[in-house]
Amino acid sequence: MICLDALSVDFDERFQLHDINWTIQPGEHWLIAGANGSGKSALAAVLASEGTYLAGTLSGVPDRVALVSYERQAELIEAERRKDDADIVDVISEGTSVAAIIDADCCDPDLAQTLIDTLGLRPLMGRAFRKLSTGETRKVMLIRALSSQPDVLVLDEPFDGLDHNSMAWLQDHLSALAEVLPMVIVLNRFDECPDFITHIAYVDNGRLLHRVDRDNERAFAELYQLLHLKTSGLEIPAADPTARLPALDPDAPLVRLRGATVRYSDNTVLEDLDWTIEVNQSWQLSGPNGSGKTCLLSLITGDHPQCYVNDIMAFGFQRGTGESIWQIKQFIGYVSTALQWEYRVGTGLRNVIISGFYDSIGLYTKSTDTQKAIADEWLALLGMSARADEPFNTLSFGDQRLVLIARAMVKHPPLLILDEPCLGLDDMNRQLVLALVERICLHSETTVLYVNHREQDRVPGIDNHLTLTE
Amino acid sequence: MANYFNTLPLREQLAELGKCRFMHLDEFDEGVDALRGKKMVIIGCGAQGLNQGLNLRDSGLDVSYALREQAIAQQRQSWKNAIENGFTVGTYEELLPTADVVLNLTPDKQHTNVVNTIMPMMKHGSCLSYSHGFNIVEEGMQVRDDITVIMVAPKCPGSEVRAEYVRGFGVPTLIAVHEANDPNGQGLALAKAYAVGTGGHKAGVLMSSFIAEVKSDLMGEQTILCGMLQTGSLLCFDKMMGEGIDPGYASKLIQYGWETITEALKYGGVTNMMDRLSNPAKIRAFELAEEMKDIMRPLYWKHQDDIMTGTFSKTMMADWANDDAELLGWRADTAETAFEKTPASDTEISEQEYFDNGILMVAMVKAGVELAFETMTSAGIIAESAYYESLHETPLIANTVARKKLYEMNATISDTAEYGCYLYNHACVPLLGDFMKGMRSDVIGKGLDVADNAVDNARLIDVNDAIRSHPVEAIGGVLRGHMADMKRIV
Ligand SMILES: NC(=O)c1ccc[n+]([C@@H]2O[C@H](COP(=O)([O-])OP(=O)(O)OC[C@H]3O[C@@H](n4cnc5c(N)ncnc54)[C@H](OP(=O)(O)O)[C@@H]3O)[C@@H](O)[C@H]2O)c1
């Protein structure tokens, strides 16, 4: 059993892994997944004794760990180059031959020969290792690792750069090896995950965030989605070019409340609050439950009936002067748990997203082809393309939240209100939501109003804070 | 005051009854323009008053409330409703003289009194609006000549009127202009703008007449909508008790059964509701329904006749004058019935089981819907109106039974509907007595006891033909088709 206990590791002060807790039991085969730069290669390298330990322990690692990775490959090439430089004789060295490189670590010559043929390296055996192409070098690395009779095999992106036939062969070979040898594989593309993998480790920002048993279908699907959001190159879909919102005065605030007060016969929820939200000025609104956050938001969205007795300027309208609520809502995208409770419809996911163009719960109008196409782009971004017609109310709570965020953003509103978007979500779904919010914040020109009852939970990129007290 | 309907010659009576047209969305292109900038004052802030007011204000219109003095002085619920929702509240004297449109949303029973009080204060050339035409049609209220009188009647309880608007939709709405009071010919434009302000245009608007609205509304609510559900609940429960079914189960089967069964009705009419049964059960339900229709037909005719002649409203108004003695007595009796007093158990009943074990309930819905529709149309009410007042509204009322049984249903519907419902129930329970003696738990409580679902082909074809060719199915198909264009895409 390999055991990483509260392990923190430094890699040349360039990168650190933090507080890794991970056990690999006999019989388990792990896939390490994560976005680029998340630390998944570093975690794999730790198993091959790389890095400087800052804290914690690593135990149970067997003697012979074979690691195939770009870093190892680069090191070997670098070493070959240095040999050249060290040679001061004027005969230009060809460097070590491929055959010699393979021989160096070889414990199973028969296997090595088979591999050389299978991967089509036979004609290159006499060549200098450092003259090979990247793909060829990678094959050599694989042959070295596989024929070294390791106790554990750690492969970082083993299928990269392999042609179709080599890849198919390697996959079969690994499946067979899995019977006798524990394996840890790093992959960028989740859909290449080999069948023998039993567990998935998800790394983000130098931390091991999730360990998922593959038999847990739900967790597996969520992780798939998270990776998709983190790693797919898809952009936030554009707004509908045929539907222009009325222009807003760029110098006027989006919203301005003066002396906002909400009072019932037996209690006062808000008193004399002034607040101005300028264009492109994202805000975080915090405060304990019952401090009036939702009430304040509903004054802005127009859902609170007392918005008509307050001095509120919203999107160029002084409230209560003959504007309709739909003229206000057209400028706002809105997500909250309450909305989710309200949205109990059996409408398909595509239509739920399209309903964001109309600010309606459910869809009551025939949608245009452009709207459909945009909704489909959002579904692709969420990794839900195949589920466009699934009824919304059969989705998991976390998936519903993602779809509602897409619905709120679909028209690229000038103001996006996220009222506790992570409330009620488990850790994985929180990360899914945050990954999506992060993408939205980075990409669009929408001003974000993020509501969170814990002031400490700050969102990167939001510098204005308003805290309500009880 | 004379019954207005009875003052008209037959030819005009028929013309008014026959008025009903499903309006197209593009007829509402002007939106709320006809009301923009006009001062709308609502009298009464109850279920309809508050919720219609919230919608109208959110549509950009100027809304305030005139309440009777006691309501303001005692800060009654109606006053709180208006104040906490940020509306201006004032007395009649303060608000009415400057009002352009006055919305009378007080209980029907109070209309004569209220309208007589407010009329002298109303501005010359202003508009008076109702959400139900009883006062005009049955009580013959005479409104000043210069005042335009219109009706905008949402076909839903007030809470739904608001909830659907907030979702971006609306509820089906009936509008009408009182021919005798349309001095400048502006009635229709105002009614249309008002329907847009409440969101009704999105769900479908029927252009009708005061007379058609009242005569069909009364008929529907007394018979199939409330009466049949009440009678059916009581009879089916007592039968199941006699058959040894667990009381908690029986209570649940009925309380939620109406809602489940009529949900199928809402989506695909009587045909779809019947199709949810197995073939042998369908044939059985069909036969039971035919039998009940023959038994109940004279009762449906009597209700319609009494409504047409004004006998019904006269009887009810006599009870109003007698401090609602009958109504309150019947209400108390209902609370004491075995069905009402037996709580539903928490046994799981699947959606399909409500059909399989509730064959008699399905038959009752079919019989009631078809009879009410047939009776209304044969009395000169146009098929569109008859459809809305029978089949269309049945699921809405069934929802109220699901919430809290008959108590909830009777609390939600108007006093007028409640009164008519009890009248029907008192006649219908004994009328179905002999028929019910022949019923067993196979049609209510347990489901058919058959070895397999074999049926005779010819018989099944006959039964299916009969179900599908009923006129309520023809008009239902057309109207649900219209509605689907505008309705939520489910
Ligand atoms: N309920 C429905 O499903 C429905 C559907 C469509 C149409 N409608 C129609 O809508 C109208 C209103 O019905 P509703 O159900 O909304 O009634 P409601 O909930 O009983 O409300 C009636 C309001 O009128 C006030 N009121 C009562 N008596 C009054 C009087 N003598 N003078 C002045 N105000 C009085 C009450 O307040 P105070 O007692 O505090 O003054 C209350 O706020 C009726 O015409 C009804 O037929 C109802």
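Visitor: What span should helix 12 of chain A have at 1.5 Å a residue, and how far apart are its end C-alpha atoms?

Guide: Helices here are DSSP runs of H or I with at least four residues, and strands are runs of E with at least two, numbered from the N terminus. The expected span is 1.5 Å times one less than the number of residues. Because helix 12 of chain A (residues 369–381) has 13 residues, it should span 18 Å, and this agrees with its end C-alpha atoms, which are 19 Å apart.

Visitor: On what basis does the model stand?

Guide: This is a predicted model, in which local features need pLDDT of at least 70 and side-chain atom pairs count only at pLDDT 80 or more, while totals for chains, interfaces and linings use all residues. Residues are numbered from 1 along each chain as its sequence is written, chains are lettered from A and ligands numbered from 1 in the order written, and side-chain values use heavy atoms, without hydrogens and water.

Visitor: Which residues of helix 12 of chain A are buried?

Guide: Buried means under 20% relative accessible area, exposed over 50%, and partly exposed in between (1.4 Å probe, protein chains only). The buried residues in helix 12 of chain A are Gln371(A), Ile374(A), Ala375(A), Trp378(A), Leu379(A) and Leu381(A).

Visitor: Which residue takes a positive phi just after helix 12 of chain A?

Guide: The phi in question is about 75°. The residue just after helix 12 of chain A is Gly383(A).

Visitor: What share of the residues in chain B is buried?

Guide: Chain B holds 25 helices and 9 strands. Of its 490 residues, the buried share is 60%.
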